[in-house]
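Thanks for coming. Please have a look at the chain on the screen before I go through it.

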Amino acid sequence: MDKEMRPDDEDLTYEEDVLRNPYFLKSWLRYLDFKKDAPRRVRDMIFERALKSLPGSYKLWQAYLTERTQYIRGRCLTDHGYEVVNNVFERALVFMHKMPRIWVDYCQFLVEQEKITRTRRTLDRALRSLPITQHDRIWRIYLRFIRKIDIPQTACRVYRRYLKLEPDGVEEYIDYLSSPSVGYYDEAARLLAKAVNDDKFESRQGKTKHQMWLDLCEMISKHPKDIVSVKVEPILRGGIRKFSDEVGRLWTSLAEYFIQLAQFEKARDIFEEAVNKVKTVRDFSHIWEAYTQFEDSLVSAKMELLSDPDGLADADIDIDEENADFDLLVARYEYLIERQPLLLSSVLLRQNPHNVYEWHKRVKLMPTPKKIVECYKEALETVDPLQAKGKPHTIWCAFARYYETHKRPQEARAIFEKATQVNFKTIDEVAAIWCEYAEMEMRLHNYDGTNVLNLCPLLRKL
């Protein structure tokens with residue numbers, strides 16, 4: 001026996017104690033505390049002797065393993081000492097297989113050694129050995145480990161097992177799948193769509209359902225070719241129906257999805273539907289910007305194509321047909337720009353269809369007399385005098401004045417006759433209608449027609 005391994009005279013008291021009481025834990029602990037400054041080999045020998053007598057002592061195993069791992073850390077990973085410590089852990093688990101702390105320390109020690117297969121198998125053994133109430137301690141290490149290694153297939157299988165225990169952890173899995181290094185966007189979109197459609201799902205990351213919808217839209221619009229197991233359009237339309245405002249990004253994401261698939265006509269239909277359905281200026285502005293950029297990009301691409309006639313000839317492309325397509329694209333773009341004030345007016349009226357001031361503005365935007373008349377008729381059918389914002393009688397008066405200025409007095413009189421039958425909110429509005437009616441007759445020099453005031457119920461009461 002080496003000299004340093006031999007007991008000193010000072011050790012005899014402790015040696016006699018442990019020999020007399022080999023199954024008494026405190027005797028071994030007192031001996032180890034006395035030899036705390038001894039060389040590592042001496043302390044290891046004492047630990048081994050103690051564990052031979054008390055193999056079921058958690059306190060001894062934990063102290064021994066902690067000391068061995070602290071000593072070996074920092075060395076080269078190929079050092080044989082790591083394998084020696086691993087064997088000590090394995091021996092400990094023969095007796096301590098129900099102790100989660102031992103499993104946690106062993107698994108973390110293996111992760112540091114970057115032994116992928118052995119670590120995974122040890123983590124699986126830990127899950128099999130420990131009761132399910134202790135599994136969360138192992139899963140935390142397991143998930144950090146699989147995110148660290150670059151093996152997506154293994155990580156996906158592990159995450160699917162984890163979700164059977166903790167379904168609410170799906171967001172972490174979605175983040176992993178949608179990371180650029182993994183790129184499993186199809187499964188990520190499927191799980192995210194399932195989460196947003198589950199009314200009982202609560203985000204651990206504190207996200208609202210609207211934020212989750214936006215994440216889903218962004219994922220779909222950026223990676224349309226990778227997502228095949230999800231019916232994209234019905235899902236996005238479901239989100240649009242569910243949220244009454246701030247749906248601009250949902251609409252643009254749906255259009256972007258078809259743009260990425262080179263289905264430009266379908267994307268244009270989506271944009272047109274969006275600008276005719278949104279109810280807030282904010283959503284309209286978001287969609288309008290995306291729509292104009294889309295049309296501008298088509299015009300620019302076609303212009304670049306036409307700038308190389310030799311390339312068109314080599315590709316056997318009909319130049320006249322391409323020129324006709326270019327003219328059509330430019331005409332569509334210009335028509336879209338011209339319609340912007342009218343589309344914005346429609347948005348404001350969808351917010352409040354009883355806004356009298358906005359109806360007056362809308363009439364001024366109409367390009368033809370036929371459109372103006374249709375706009376006035378729509379306003380009169382839509383505005384409820386009892387809910388109106390503004391003075392609803394002014395629409396009737398303006399409509400009659402329009403007919404009057406266009407030399408159609410009979411139609412103007414018909415408008416006033418209908419106006420006198422409307423149940424306005426205040427008496428002042430009723431009086432204003434009758435006064436405008438009489439003033440029109442005076443302007444037309446129909447002085448007998450001014451007798452219409454005799455029909456006014458307010459004057460008859462006087």
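**Cores, rings and charges**

In the largest nonpolar core, which has 105 residues, the ones that touch the most other members are Ile 138, Tyr 142, Ile 146, Leu 216, Met 219, Leu 250 and Trp 251. A nonpolar core here is a set of buried Ala, Val, Leu, Ile, Met, Phe, Trp, Tyr and Cys residues joined through side-chain atoms within 4.5 Å. Buried is under 20% relative accessible area, exposed is over 50%, and partly exposed is in between, with a 1.4 Å probe and protein chains only. Another core lies apart from that one; it has 29 residues, among them Ile 372, Tyr 402, Ile 415 and Ala 419.

A note on the source: this is a predicted model, in which local features need pLDDT of at least 70 and side-chain atom pairs count only at pLDDT 80 or more, while totals for chains, interfaces and linings use all residues. Residues are numbered from 1 along each chain as its sequence is written, and side-chain values use heavy atoms, with hydrogens and water left out.

Next, the aromatic rings. Rings of Phe, Tyr and Trp (its six-membered ring) pair if their centres lie within 6.5 Å; planes under 30 degrees apart count as stacked, over 60 as edge-to-face, and the rest as tilted. The count by this rule is 18 aromatic pairs. Trp 61 and Phe 95 are a stacked pair, because their ring centres are 6.5 Å apart and their planes are at 20°. Trp 61 sits in helix α4 (residues 58-72) and Phe 95 in helix α5 (residues 80-96), 34 residues apart. Helices are DSSP runs of H or I with at least four residues, and strands are E runs with at least two, numbered from the N terminus. One aromatic cluster is formed by Tyr 82, Phe 89, Tyr 106 and Phe 109.

Last, the charges. A salt bridge is a side-chain nitrogen of Lys or Arg within 4 Å of a carboxyl oxygen of Asp or Glu, and the count comes to 27. In one of them, Arg 91 meets Glu 48, with the closest N and O atoms 2.6 Å apart. Arg 91 belongs to helix α5 and Glu 48 to helix α3, 43 residues apart. Arg 91 is partly exposed at 35%, and Glu 48 is partly exposed at 27%. Glu 166 and Arg 204 also form a salt bridge, at 2.8 Å from N to O.
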